[in-house]
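Please look over the sequence and the structure shown below before reading on.

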Amino acid sequence: MMTDDHKTIIENDKMENPEDRIFTIPNGMSFFRIMLIPCFVWSYSGIHNTMLTAVFLILSGLTDTLDGWVARKFHMVSNVGKVLDPLADKLTQGAILLCLVMEYPLMAVPFFLLLIKEIIMCVTGLMAIKKTGRVEGADWHGKVTTFLLYFTAILHVFWHNIPQQLSTALICLCTGFMFLSMTLYTIERVRMIRGKE
């Protein structure tokens with residue numbers, strides 16, 4: 001029979017579960033990335049300051065890289081972070097693409113694919129969490145897609161006269177990886193929902 005002391009210990013263990021933490025350095029970085037979104041939208045579309053826009057995007061990209069490393073290195077991985085980090089990524093990516101669509105119409109292709117991808121990921125992700133109780137982190141293809149989007153965006157911001165062929169090739173590469181990532185994530189989530197993982 002379980003005593004009150006044993007119950008207290010179990011409850012404390014649950015409360016102290018590292019993955020249940022909210023206020024961590026990586027989560028702070030993710031929140032910082034969200035705060036940068038109106039900054040680069042304003043600098044790019046408002047005052048048309050290329051250098052300032054690039055600085056905001058580079059800061060966003062660096063914190064995106066660092067938060068995952070810090071979380072793993074210093075054991076700060078949390079369930080909140082697993083949701084907040086990709087949320088910051090998607091909001092940032094959507095805002096970047098929307099800004100660039102005004103100058104580079106082909107950017108509309110990855111922008112709308114991103115919308116479709118995130119709707120699918122949101123629905124399947126919620127179903128997978130309900131089924132398994134787990135919040136999955138980003139896979140390699142998601143990280144590659146994020147890197148390509150940042151690289152392509154920063155290059156287009158800096159290089160106003162980028163050759164059409166290069167611009168098209170980079171946008172197609174981003175779109176291709178985004179489609180690949182959407183497909184692989186969907187397969188993984190469907191397997192989780194069906195109880196095959």
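## Basis of the model

The model is predicted; local features need pLDDT of at least 70 and side-chain atom pairs count only at pLDDT 80 or more, whereas totals for chains, interfaces and linings use all residues. Residues are numbered from 1 along each chain as its sequence is written, and side-chain values use heavy atoms, with hydrogens and water left out.

## The chain as a whole

The chain holds seven helices and zero strands; here helices (H or I, at least four residues) and strands (E, at least two) are DSSP runs, numbered from the N terminus. Of its 197 residues, 39% are buried, where buried means under 20% relative accessible area, exposed over 50% and partly exposed in between (1.4 Å probe, protein chains only).

Among contacts (heavy atoms within 4.5 Å) with a separation of 6 or more, 79% link residues 24 or more positions apart.

## Helix α2

Helix α2 covers residues 25–46, and its 22 residues reach 31 Å from first C-alpha to last, close to the 32 Å expected at 1.5 Å a residue. The expected span is 1.5 Å times one less than the number of residues. At Leu36, α2 bends by about 30°, and Pro38 follows within four residues; the bend is the angle between axes fitted to the seven residues ending there and the seven starting there.

At the start of α2, a side-chain oxygen of Thr24 comes to within 3.2 Å of the backbone nitrogen of Asn27. The buried residues of α2 include Arg33, Leu36 and Phe40, and the buried set packs against α3 (50–73), α4 (79–101) and α6 (140–158). After α2 comes His48, with a positive phi near 55°.

## Helix α3

Helix α3 has 24 residues and spans 34 Å from its first C-alpha to its last, close to the expected 34 Å. A side-chain oxygen of Asn49 lies within 3.3 Å of the backbone nitrogen of Met51 at the start of α3.

Among the buried residues of α3 are Phe56, Asp64 and Asp67; their cover includes α2, α4 and α6. His75 follows α3 and has a positive phi, near 55°.

## His141

His141 is located in helix α6. With a relative accessible area of 3%, His141 is buried.

The side chains of His141 and Ser181 are joined by a polar contact of 3.0 Å. Such a contact is a pair of N or O atoms within 3.5 Å; within protein, one must be able to donate a hydrogen and the other to accept it, and residues adjacent in sequence count only if both atoms are side-chain atoms. Leaving aside residues up to four places away in sequence, His141 touches Ser181, Leu184 and Tyr185.
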